[in-house]
Amino acid sequence: MGTVKSHFYEVAGLQFELRCDPELDTDMLLPSFTGFRKRNADSEISVAVVTLTEGEIREDGEMGILRSDISLVWGDNFRFYERENTFATQIKHHVREREWLMVSTRDFKESVIYGNASDPRTGELLSWLLMVVFGQVGLQYQRILIHASVIAHREKEGVAFLGKSGTGKSTHSRLWLQHVPETELLNDDNPAIRIEDNGRVFIYGTPWSGKTPCYKNKKVELKAFVRLEQAPYNKFTKQENIHSLIAVLPSCTAIRWNKVLFQAMTDTLSRIVDNVMVGKLECLPDAEAAYLSSAAVFGNQSTFFE
Amino acid sequence: MRTLRQDLVLRKVGDDYIMVDPGQGMVDLSKVHTLNETAAWLWENLAGKDVTVERVADLLCEHYEVMPEKATSDAIALIQEFEAAGLFAT
């Protein structure tokens, strides 16, 4: 490869670097990242470096041990392999030129993507692969990428709604926006959470927000996690001790095949759930559900509701 | 020699002692183990050692006011539970 240009981004206070062909228009390819772009960055503080390589002969031979082929985004085309010193993330395609491969060191601090920028999916693929990298690297800096829809209240406090796909996380956020004053959507799919040394927990908007274009480079203090379950009634139950951890753990991103990363995740999460309220909301998709969860999180304030 | 798994980390969450055991298969079958205070104390004191009924019973007798027969039966029960939960190194 000839010359490369470095692009710097900062998400949840962590700087990472994307190196690619100087001709590549990254702002056009990665529109959700423009608000996270960092100019005049110091390369030395990047926690991760991702290099996009085109037209090079990729590695041949054994891919490694197949660890996963489950992906909601890529369906049957996703493969994740573990090798002696690396992990390989593959997005298959029946046309060989459209196959993408990312080889990462075990801590994900360095990755090389073998791809083809003429592929119309380049932006989508790059964004997703950067999310994979950020999700794993962040664990080493007390950040966890979490599958949640999150609202910010009075630009100060956040509430993260968790649940399996199709449970109604986004719907519940919408209900807050409609019925609880002074709320805005912070992120609809993949916010990042962080615990600081003083025990304060923050939730950050990221360039990844699922189908909703909501890419806010903002943070608020995290007030609560609420795990949603569909029910023919509305009921909020506070989750304590081990139940608080079990309610949040399935929504967190960490590969299970690197024990160091996985332990870092459970370590951070154990501390986070000790400092943040966790609740379970069995609910209908109605206004009363939003009133109930907002009252449970913020208390019944007489001037609170419209 | 029967030893405790070294890859599991004991943590306190609220009032509970827990260990998260990441499943290694294609399907995520991660488990969360809960230990009571006694089991957690034993876990920390048995790290790296050969876990025998005698050793566990001795620890129980030293640390708690318990009769040797009761300590022995408790030790057997604990080892069986640890075994069933897959907490010993293979």
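Two strands are taken to pair if DSSP finds at least two bridges between them, and strands themselves are DSSP runs (E, at least two residues), just as helices are (H or I, at least four), numbered from the N terminus. The model described here is predicted, so local features need pLDDT of at least 70 and side-chain atom pairs count only at pLDDT 80 or more, while totals for chains, interfaces and linings use all residues. Residues are numbered from 1 along each chain as its sequence is written, with chains lettered from A and ligands numbered from 1 in the order in which they are written.

Chain A splits into domain 1 (5-141) and domain 2 (144-298), with bounds that come from an automatic or database domain assignment. Their C-alpha centres sit 26 Å apart. Where the two domains touch, domain 1 of chain A puts in 18 residues and domain 2 of chain A puts in 20; contact here is C-beta atoms, placed from the backbone, within 7 Å. On the domain 1 side, α2(A) gives the most, with 5 residues. That side of domain 1 of chain A comes to 8 nonpolar, 7 polar and 3 charged residues (Ala, Val, Leu, Ile, Met, Phe, Trp, Tyr, Cys and Pro count as nonpolar, Asp, Glu, Lys and Arg as charged, and the others, Gly among them, as polar).

Within the pairing, β7 (residues 100-105) and β8 (residues 110-115) of chain A run antiparallel over 4 bridges, and A:M102 stands opposite A:I113 in β8(A).

Further along chain A, strand β11 (residues 157-162) is mostly covered, with 5 of its 6 residues buried (20 or more other C-beta atoms within 10 Å of the residue's own; 12 or fewer is exposed, and in between is partly exposed, with C-beta atoms placed from the backbone). β11(A) is joined to β10 (residues 149-153) of chain A by 5 bridges in the antiparallel sense, with A:S149 bridging to A:F161.

Chain B has 3 helices and 3 strands, which follow the pattern β-β-β-α-α-α along the sequence. Its C-alpha trace spans about 45 × 30 × 20 Å along the principal axes, and 18% of the 90 residues in chain B are buried. As for the interface, 17 residues of chain B are in contact with 18 of chain A. On the chain B side, β1 (11-13), β2 (16-21) and β3 (31-35) of chain B are the elements that give two or more residues, and β2(B) gives the most, with 3. By class, the chain B side holds 7 nonpolar, 5 polar and 5 charged residues.
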